[in-house]
Amino acid sequence: MTMTFTLNEIALLLIALLVGLVLGLMLSGRGKYKRYWRDEQLAHRQTIQDRETRLAAAQNRIAELEQQSGPIGPGTAEAVAGAVHGRDDLSRIQGITPQDEVALNEAGYHRYRQIAAIGSEQEAALETRLGLKRGVIAREDWREQARLLDARRDDEHARLYAHRAHQA
């Protein structure tokens, strides 16, 4: 009796051998992949625990700061909104209209400290861009107003420049 194999039987035998080889390789690592998996799970749990610890510390710090801060006064909402969007309310500077503020923002001026630091060439370019007469920025003292507002000296700003708003 001779054994003969058909092509299909040989193909099935080869597939069975390949499957056995792959399974053998996967299981022969003496648990190597299982250890990798366990180590990865431990690292993941540690990362989550670290994140939760940092989050709890941040929440405690926020609660502490909220207890220390005084009551919210007028103008605070605008200041917070400006800080969130990375901008100061430039229209608080006497002589800057809301339209001027938009034009200043488009020109790249978003903070009081930027206005406080402009030079004479930038001043002339801004006056041209805003359609203002030459020397208006210096006359209305935008730089000093911006310095006061940037230093959060709102009372001094109001005392020095509120009368100009009423005269205009």
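1. K32 is partly exposed at 31% relative accessible area (buried is under 20%, exposed over 50%, partly exposed in between, with a 1.4 Å probe and protein chains only).

2. Quick caveat: this is a predicted model, where local features need pLDDT of at least 70 and side-chain atom pairs need 80 or more, while totals for chains, interfaces and linings use all residues. Numbering runs from 1 along each chain as its sequence is written, and side-chain values use heavy atoms, without hydrogens and water.

3. On the fold, the chain has nine helices and zero strands (DSSP runs of H or I, at least four residues, or of E, at least two). Of its 168 residues, 17% count as buried.

4. Now the backbone. Most residues other than glycine have a negative phi. D141 has a positive phi of about 60 degrees without being a glycine; D141 lies in the loop between helix 7 (136-139) and helix 8 (142-150) and is partly exposed at 27%.

5. R152, also not a glycine, has a positive phi near 60 degrees. R152 is in the loop between helix 8 and helix 9 (154-167), and is exposed at 55%.
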